[in-house]
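Student: Could you walk me through this one? I have not looked at it before.

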Amino acid sequence: MYLTTLQSKLDSTPTNENPFQLGSSKVDWCEPNYVVSSHIAEFWNTISNIFFFLVPPVMIFLFRPYSKRVANGIMILWILLIIIGVGSVYFHATLSLVGQLVDEISILWVLTAGYALFLPSIYLPQSFRVQRHRFVYTCVVFAVIITCLSFVYPYANAFALMILGLPSIGFIIIHLKRSDNSRIRSLGLHCFGMWVVAVTIWICDRMFCSFWLAISFPYLHAIWHVLILFSSNEAIVVCGFLTIKHQNPQANLHLHYWPNELWKWFTLPYLKFHDDSDMSDDNISTKSII
C-alpha cells in the first residue's frame, strides 16, 4: 500500500492557458505522483531515462571511425535519442503539456530521420531513387507537418508514433532474412524481441493500471524506457550494417561488442571496418539504402 502522496494525482484535464503548468498534460502514467519526491511527479519514470544520456555518447564515440568512413549522418540519430531523454525527463517530472510534446516530437524526428537514412530505395518512387536527397527533404517536411498537428490533439501522439514505428520493424526483419551474417541476424532478433517486450509492457501499463496499483508495482513505463532505448540502439546498428553491405558486399565490416565480447547482450554493439584497403579512396555514400 502506498503512503499518502504529497499531492493528489493531477487532474487529467489540460490547462490550455498555460501548457507549462504542472499536470497540464492529459497523459498521466500509472506510477502515483509525488510519492518519492515532492519535486518530481513520476520519480521512477523520470530516473529511468538515465540510459538516454549514457548510451548515445558512448555509441557516438564507438562509431567515429564508421562515421568518417561512411559519412551518412548516423550520429544524428543518437543526438536525437539524447533529446528524447531530455524531453522524457521533463515530461515525467512535471506532467506538463509542453513536456509531453517535447518528448513525443523528439521521437517523431528520430523515426523520420531513421526512414530518411535507412529506408530501402526499392520502396521509393523512381525520382527519389535517383535523387535520394529529395526523399530526405520530404521526410523533413513530413516531420514538420506532423509536429504542427501534434499540438492539435496531443493525446493521440503516442499511438500515432507507435504506428509510424511498425513499418521500420518490418523492413529490418525482411532485410535481415537476406543477410548471411549470423552475428548481425542474432542482434536483429534480439532487437526485435526487446521491442516486442517493450511494446507489450507499454500497453499493459496503459490498459491495466488498476492491477499494477493493486500489487504495488506501477513501474512498467520505467522498464519501457530502458528496453526501448536499448532496442532502438541495436536497430541503428543493424540498419547501419545492412546499409553498407548492400552497397558494397565486399566491405570488411564486422560487428563487435563493447566493452567485452563475452558479455554480448549486456554490452553495446558497434561496427568496425577491418580492412582499410577496401574502398580506401572513397567514402561510402548511403544515399541509396539497402
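Student: Okay, what am I looking at, and how are residues numbered?

Tutor: This is a predicted model, where local features need pLDDT of at least 70 and side-chain atom pairs count only at pLDDT 80 or more, while totals for chains, interfaces and linings use all residues. Residues are numbered from 1 along each chain as its sequence is written, and side-chain values use heavy atoms, with hydrogens and water left out.

Student: Where does UniProt place the "transmembrane region" feature?

Tutor: The unreviewed UniProt entry puts it at residues 43-63, 75-93, 105-123, 135-153, 159-176, 188-215 and 221-244; such positions follow the numbering used here, feature names are shortened, and annotations may be inferred rather than shown by experiment.

Student: Switching topic: at what angle do helix 4 and helix 5 pack?

Tutor: Helix 4 (residues 75-94) and helix 5 (residues 97-118) pack at about 165 degrees, with axes 7 Å apart; axes are lines fitted to C-alpha atoms, for helices over the stretch in contact, and angles run from 0 to 180 degrees between N-to-C directions. The two helices are therefore roughly antiparallel, a label for angles over 145 degrees.

Student: And how do helix 9 and helix 11 cross?

Tutor: Their axes come within 8 Å and cross at roughly 150 degrees, which makes helix 9 roughly antiparallel to helix 11.

Student: Now the inside: how many cavities of 30 Å³ or more are there?

Tutor: The count is four, where a cavity is a set of points on a 1 Å grid over the protein atoms alone at which a 1.4 Å probe fits but cannot get out. The largest cavity holds about 920 Å³ of space, a volume being the space filled by probe spheres set on the points, which are joined across faces, edges and corners.

Student: Which residues lie nearest its centre?

Tutor: They are Ile107, Val110, Leu111, Ile228 and Ser232, out of 45 residues that line the largest cavity, lining residues being those with an atom within 4 Å of a point.

Student: Which helix gives the most to that lining?

Tutor: Helix 11 does, with 11 residues.

How values were computed: Helices (H or I, at least four residues) and strands (E, at least two) are DSSP runs, numbered from the N terminus. Angles under 35 degrees count as roughly parallel, over 145 as roughly antiparallel, 65 to 115 as roughly perpendicular and the rest as oblique. On a 1 Å grid over the protein atoms alone, a cavity is a set of points where a 1.4 Å probe fits but cannot get out, and a pocket is an open set with protein on both sides within 12 Å along at least five of seven lines; lining residues have an atom within 4 Å of a point.
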